[in-house]
Amino acid sequence: MPPLNRAASPSDGLSGLVFASSPDPIFIISCDAGLLRAVNRGFEQHFGWSSQQALGRHCVDLGLMTGEVFRHILRAGKSGQLIENLEVELARRGGARAYHLLYGGETDIDGSPCIVLSTRDVTERRLQAQALKESQERLNLALESAELGTWDWHIPTDRLYGSIRSAHLHGLPATPFLGSTRQFFTHVPLDDQQRMYAAYQDLASGRRNAFQVSYRCQLPDGRLRQLESTAKLYRDARGRPLRMAGVIVDITERQQAEAALRASEMKFARAFQSSPDAVIILDRRSGRLLEVNDGFCRLTGYRPEQAIGKTIHQLKLWSTVGQRRAILELLEQEERLVHHEVSGRDRHGKTMFVDLSVEPLELNGSDCLLLTARDTRQLKEAQAQIQHLAYHDPLTNLPNRALLMERLTQQIAFHQRHGLRGALLFLDLDHFKHINDSLGHPVGDAVLRKITARLASCVRKEDTVARLGGDEFVVLLTALSGRRSEVTRHVRQIAEKLRQLLAEPMYFEGHWLKVTPSIGIALMPDHGTTPADLLKHADIALYRAKAAGRNAIQIFRSTMQQAASARLRMENELRQALARDEFELHLQPQVDARSGRVVGAEVLLRWQHPTLGYQSPGQFIQVLEESGLIIEVGRWIIEEAGRIGAKLLQQSLIEPGSFSFCVNVSPLQFRQNDFVDQVERMLEDSGLPRAMLKLEITEGIVIQNVEDTIGKMNRLKRLGIGFAMDDFGTGYSSLTYLKRLPVDLLKIDQSFVRDALADGGDAEIIRAIISMAGSLGLQVIAEGVEHPAQLDLLQQRGCHLYQGYLFSKPVPYSTFRTLLSEAQA
């Protein structure tokens, strides 16, 4: 055994040089007496004892470790077992204790059994290391690797998009998923779902800053899969949760792979081969590789025999020619490098990012370098994928609202500096919902992707096409020079080109579809100097384009802002009107001309504004429809009509078998899933017999979803409720579906009645409608009858039921009751 007053070292050679030059602390303990026989420079720097202070001392007496730790190491070493990843507390010279991982085993030095140990301080990353390691391993080559699943959840609508991989991981069909979170997590146990939701609530409320949840998935074949999801939350302009985008990894297989990797690494007891990082020894002068470990092979794809003897430049590992020179210059300045981030390329040319540490060492009289590199590219690629998901629409891969707002901000500043103009085109696809309702969302998604391609083909590379969601797109035109009139004319030409291109028919799954756009335009900076103002003004112009009949183009004008403000005020007042009891029903009598008896009434909504008086239904009904308030108001109309009818029955002013109330139903109201149940419940509450209610439907209800419409109508018909087809003959599809609809009554639109005396065409249409109704066994009633001559013509054609000012205009309930009383007198 060497004298203990000098630094003993392992045998000369490669391992000795690695022992002396390693940045990790390495020390040797004699098995017989437990004395420190050798320590390296890393030990001296890390623990604070010089070799003169440590050698020959018992490691427990020195204060390096406790007796329990020492005995455990001694038992393991004498048993011939390798010490791998043994976490213990070790103390520095000053007494500060820290957690370390020990690696090593028994060896012979000068004929004496000893234990060689290397150690790594893991105190600061003890709690974080495993999570970070799993995260880095989890974030692989993103979608291309087929190991990473991605998802994007739109929170307000609970619509979740999942990649093929994420759907497969959850036991769903291996196709892109689009549906609700309940459908997506159907195979996840309820308690795990609750934990996931609690984690989301903590994130949404600000109690936590990150979302990383592990959970189970019970596959249909009985296997249990362990998954882990990492995501980021994005909020809207008001700070409310808007969407989450994240990645999903199957940690079951990865854990198995990690276990296999750890088992393989445990075979290597020496520091060089046991390192999980890439370790290289190269000649400093020539740059030739002298030795590489398994970590190098995993990182670069080269086998040892392919790499040793060649330079890093020859292997094309440097990302740039001057990178090796820059590393050498840094080494000359600082002697060593610790955790220096560099980029390179693996054997296949794929970019890799590594955390590089470099230590100089001498090998056989030659200056060499010891390089240790840790792979960080998976983390960077996953971060880039998440970043992309955060700023792009998952269906079309177009920039989303967040990225659009960023680019708008940049372009506004750019245009102001250079005195240029731009334009924001806000596009909405007309009646796109009909495609989703009738042909399904897959066809709707295909149409959106086709629209995306057409938009992209019409703009320059410097312009931006974005999707805000649903069927809303934005085109940002930049760097337009010239006077305002010239720019306006140019932008309108581009918008017209887009309108014509998007309206070209497209063929999907046996259907020729024609999708027309409505386009609103705001000029920059004329119509706004902030992203919010430009988007708002383009949206206002879009609204006017849709109000003008759709498939139209409108450029923002200040008067549009005034109209939009007035509409918003009306919408706010309408929201309060129902609570303030400002609505009332008027009734227009429906008369049998043969007897002069009132046989029914059409129920019409009226609004008595507290300061402005009666408001025109032509104005506020449209606002009710567009705002969705018609659903709540429509329920009130049916309830109130039922109460009125019940009162008239109690007063014996009407009879169940010879009187009916016609109530108009909006398409939005009819589309409610529980509409049938609502009507049944409201009639039961009011006491009105079901046979006395006729629901007036329009062609707009029928064409939106024919099968759903027929199904609901048949259910209501079985309850005893009747149907009237309103405004018959004004559309294009009534004749197609009329034979399938359980309709009792056709209403001849007043536009035909008004001109029937002067226009032979209208008179012929009336005759055709009456004839067709007779052949189908349907009743027919004419609207808008104002003159005796009109009624005479109708009766000559065989129509005896009518309503209109000839008999009475729509009147309040009290007046209608008086009218019925007088008719009975």
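Contact here means heavy atoms within 4.5 Å. The model is a predicted one, so local features need pLDDT of at least 70 and side-chain atom pairs count only at pLDDT 80 or more, while totals for chains, interfaces and linings use all residues. Residues are numbered from 1 along each chain as its sequence is written, and side-chain values use heavy atoms, with hydrogens and water left out.

Take Ala 54 to begin with. Leaving aside neighbours within four places in sequence, Ala 54 touches Leu 36, Phe 43, Trp 49 and Leu 62. The residue sits in helix α3 (residues 51–54); helices are DSSP runs of H or I with at least four residues, strands are runs of E with at least two, and both are numbered from the N terminus. Ala 54 counts as buried at 0% relative accessibility, where buried means under 20% relative accessible area, exposed over 50%, and partly exposed in between (1.4 Å probe, protein chains only). Between the C-alpha atoms of Ala 54 and Leu 35, 19 residues apart along the chain, the separation is 9.0 Å.

Next come the voids. Rolling a probe the size of a water molecule over the atoms shows where empty space is left. On a 1 Å grid over the protein atoms alone, a cavity is a set of points where a 1.4 Å probe fits but cannot get out, and lining residues have an atom within 4 Å of a point. Grid points are joined across faces, edges and corners, and a volume is the space filled by probe spheres set on the points. On these terms the structure holds 2 cavities of 30 Å³ or more.

The largest cavity comes out at about 200 Å³. Its lining has 17 residues, with Ile 280, Leu 317, Met 352, Val 354 and Ala 373 nearest the centre. Two or more lining residues come from each of β12 (278–283), α12 (294–300), β14 (337–345), β15 (351–363) and β16 (366–375). Sorted by class, this lining has 13 nonpolar, 4 polar and no charged residues; Ala, Val, Leu, Ile, Met, Phe, Trp, Tyr, Cys and Pro count as nonpolar, Asp, Glu, Lys and Arg as charged, and the others, Gly among them, as polar.

For the second largest cavity the volume is about 100 Å³. Residues lining this one include Leu 282, Arg 284, Thr 311, Trp 318, Arg 324 and Leu 371. Both α14 (323–334) and β16 supply at least two lining residues, and α14 gives the most, with 3 residues.

At 15% relative accessibility, Thr 311 counts as buried. Beyond its neighbours within four places in sequence, Thr 311 is in contact with Ser 286, Gly 287, Arg 288 and Leu 289. Lys 316 is found in the loop between α13 and α14 too, but this residue is exposed, with a relative accessible area of 63%.

Most residues other than glycine have a negative phi, and most peptide bonds are trans. Lys 316 has a positive phi near 60°, and Asn 85 has a positive value near 55°. Asn 85 lies in strand β3 (residues 83–91) and is partly exposed at 41% relative accessibility. The peptide bond from Met 524 to Pro 525 is cis, with omega near 5°; Pro 525 is in the loop between β22 (517–524) and α20 (531–547).

Further along, helix α22 (residues 617–627) has Phe 620, Val 623 and Leu 624 buried. Seen down the axis of α22, the buried residues fall within an arc of 100°, so they line one face of the helix; the arc is that of the directions from the helix axis to the C-beta atoms. Just after α22, Gly 628 takes a positive phi of about 85°. Phe 583, in strand β24 (residues 583–592), is buried at 5% relative accessible area. Among the contacts of Phe 583, neighbours within four places left aside, are Leu 574, Trp 607, Phe 620 and Trp 636. The C-alpha atoms of Phe 583 and Asp 367, 216 residues apart along the chain, are separated by 94 Å.

Finally, the cysteines. With a disulfide taken as a pair of cysteine sulfur atoms within 2.5 Å, the count comes to 0. The sulfur of Cys 114 is 6.1 Å from the closest cysteine sulfur, in Cys 31, which is too far for a bond. Cys 114 is buried, with a relative accessible area of 0%, and Cys 458 is buried at 16%.

How values were computed:
1 Å grid on protein atoms, 1.4 Å probe; cavity = no way out; pocket = protein on both sides within 12 Å on 5 of 7 lines; lining within 4 Å.
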